[in-house]
Amino acid sequence: MEKMKLPVVRNIPIKDKWLSMDDYLKFVIFNLRYTSDGKTGRKWKRLLGINAPFVLK
């Protein structure tokens, strides 16, 4: 296995950002509105379906 050349991470503290429930709800709704596509989701759901009958013996 060859060694990977990963970047060096410095110990820079990241300030945590706390969201209120209203801000979180806005964030979720924004992401659902602009990152999901209903037509594509329905198409994938149809493609993943199984058309073979299921029988237990």
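This is a predicted model: local features need pLDDT of at least 70, side-chain atom pairs count only at pLDDT 80 or more; totals for chains, interfaces and linings use all residues.
Residues are numbered from 1 along each chain as its sequence is written, and side-chain values use heavy atoms, with hydrogens and water left out.

**Stop 1: aromatic rings in helix 1**

Select Tyr24 and Phe27, both in helix 1 (residues 21–35) and three residues apart, about one turn of the helix. Helices here are DSSP runs of H or I with at least four residues, numbered from the N terminus. How many aromatic pairs are there? The count comes to two, where rings of Phe, Tyr and Trp (its six-membered ring) pair if their centres lie within 6.5 Å; planes under 30 degrees apart are stacked, over 60 edge-to-face, and the rest tilted. Tyr24 and Phe27 form a tilted pair, 6.5 Å centre to centre with 35 degrees between the planes. Tyr24 is partly exposed at 43% relative accessibility, and Phe27 is partly exposed at 45%. On this scale buried means under 20% relative accessible area, exposed over 50%, and partly exposed in between (1.4 Å probe, protein chains only).

Next, select Phe30 and Tyr34, another tilted pair, with 4.9 Å between centres and 55 degrees between planes. Phe30 and Tyr34 are four residues apart in helix 1, so about one helical turn separates them. Phe30 counts as partly exposed at 47%, whereas Tyr34 counts as exposed at 57%.

**Stop 2: a nonpolar patch**

Patch members have over 30% relative accessible area and no salt bridge; nonpolar side chains (Val, Leu, Ile, Met, Phe, Trp, Tyr) are joined within 5 Å, like charges within 9 Å. A salt bridge is a Lys or Arg side-chain nitrogen within 4 Å of an Asp or Glu carboxyl oxygen. Areas come from the Shrake-Rupley method with a 1.4 Å probe.

**Stop 3: a positive patch**

Now select Lys39, Arg42, Lys43 and Arg46, which form a positive surface patch. Arg46 lies in helix 2 (residues 38–48) and is exposed, with a relative accessible area of 63%.

**Stop 4: after helix 2**

Finish at Ala52, in the segment after helix 2, which is exposed at 54% relative accessible area. Draw a C-alpha to C-alpha distance from Ala52 to Lys15: the two are 37 residues apart in sequence and 53 Å apart in space.

Conventions
Lys and Arg count as positive and Asp and Glu as negative; His and the chain ends are not counted. The place of a charge is taken as NZ of Lys, CZ of Arg, CG of Asp or CD of Glu. Helices (H or I, at least four residues) and strands (E, at least two) are DSSP runs, numbered from the N terminus.
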